[in-house]
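Here's a quick briefing to read alongside the model. Have the sequence and the 3D view open, and we'll go through it topic by topic.

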Amino acid sequence: MAEETDKERSKQLIVDQMKSQRLTKDLQVTQLYLAESGLCDVCDLGQFRDLQEVWANGNKLRRISFLSINYRISHLYLQDNELVDICGALSHLTNLQVLMLQSNQLTKLEPTIKEFKVMQALHTLNLSNNPLAQESEYRHYTIHYIPSLKLLDRSEILKSERETAAKLYQQDRQAVKDTIAFGRRCTDDSVREEERSPSPPPPMSGRNVEPSNRPVADNFASSPRESPEEAVAERALKRSVMQYSHFDWSKVPKAEEKRLNKDAVPSNKSQIVTVRFR
């Protein structure tokens, strides 16, 4: 009987708001304020198809059954109520971006977080002052299973927290990532082999290096040369010849010159200049 009375009260609150805002059609309603009204239940809001924001905080709600087909809701404020369970009540609200559920009586962490897994737009969530928030891995668990979150319990989610959550709840995948270095996987055997035969240290700058007796440019197919100059000169001769051509506009008279000197004979010199180099 009390619930029926609360539903009627909530209906009257909505009617009063529509009158104050001079709204005559249900489709015009995008926001509803039902906070701090002592309601134990709320009438179904399915008739408001374009409803986007709902304030129902500060009441005595123990369950949520009034948002059956309000798929466009993006902001939902349900803090400071007496909610004990939300399973099956919010999962269809895939457009949710901000959800406030702090200061309730939610105790089941896994079923509660599962309710939010399909909400890819959810970036702000508050579950503080609930019994489930006292669990040791509450924050990492929530961060991992709701990857779209940016703000949890009024605290920004850090990159280090995401990495820790991945190590805790994606151990197999993290193990594979840890074996990847420079674009390829490193097995334990390869790591042990590197430990057994480490690469020699690079030569020190102050170290005396003995001069080599091998002829200069001995790595070429041709016979070695006695001096670096000869080797460089021979290699330069083997480079490909590069060539480009351009038009020499200096040989072409300008329009003004043509007008002033009509009897001028055009130059017979070539106007195409070709440059070759190695």
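Let's start at Phe116: skipping its neighbours within four places in sequence, Phe116 is in contact with Ile86, Leu90, Leu99, Leu101, Leu122, Leu125, Leu127 and Ile146. Keep in mind that this is a predicted model. The protein has 278 residues, and 31% of them count as buried.

**The nonpolar core**

- Phe116 belongs to the largest nonpolar core, a set of 46 residues, and is listed with Leu45, Leu76 and Leu90 as having the most contacts inside it.
- Helix α3 supplies the largest share, 3 residues.
- As background, nonpolar side chains in soluble globular proteins tend to be buried together.

- Helix α4 covers residues 159-169, and its buried residues are Glu161, Ala165 and Ala166.
- Those residues sit on the same side of α4, because they cover an arc of only 140 degrees around the axis.
- Aromatic pairs come to 5 in the structure.
- One of them joins Tyr141 and Tyr169: the ring centres are 5.5 Å apart and the planes are at 80 degrees, so this one is edge-to-face.
- Since Tyr141 is in helix α3 and Tyr169 is in helix α4, the pair ties together parts 28 residues apart in sequence.
- Buried or partly exposed, what is Tyr141? Its relative accessibility is 11%, under the 20% cut-off, so Tyr141 counts as buried.
- Tyr169 comes out at 26% relative accessibility, so Tyr169 counts as partly exposed.

**The sheet**

- Overall, the protein has 8 helices and 11 strands.
- An open sheet of 7 strands runs in the order β1-β2-β3-β4-β5-β6-β7, and its pairing is mixed.
- At the edges are β1 (31-33) and β7 (155-156), each pairing on one side only.
- Strand β2 (residues 53-55) pairs with β1 in the parallel sense, over 3 bridges.
- Within that pairing, Tyr33 stands opposite Trp55 in β2.
- Tyr33 and Trp55 also turn up in an aromatic cluster, where ring pairs link them with Tyr77.

**Whole-protein numbers**

- Which share of the contacts with a separation of 6 or more comes from residues 24 or more positions apart? They account for 44%.
- The protein exposes about 19600 Å², with carbon and sulfur atoms supplying 50% of that area.

Definitions and conventions:
Residues numbered from 1 in each chain as written. Predicted model: local features only at pLDDT ≥ 70, side-chain atom pairs only at ≥ 80, totals over all residues. Heavy atoms only, no water. Pairing = 2+ DSSP bridges. Helix = DSSP H or I, 4+ residues; strand = E, 2+ residues; numbered from the N terminus. Buried < 20%, exposed > 50% of the residue type's maximum accessible area, 1.4 Å probe, protein only. Contact = heavy atoms within 4.5 Å. Areas by Shrake-Rupley, 256 points an atom, 1.4 Å probe, with all protein chains shown as cover. Arc of directions from axis to C-beta. Core = buried A, V, L, I, M, F, W, Y, C linked by side-chain atoms within 4.5 Å. Phe/Tyr/Trp six-rings, centres within 6.5 Å; stacked < 30°, edge-to-face > 60°.
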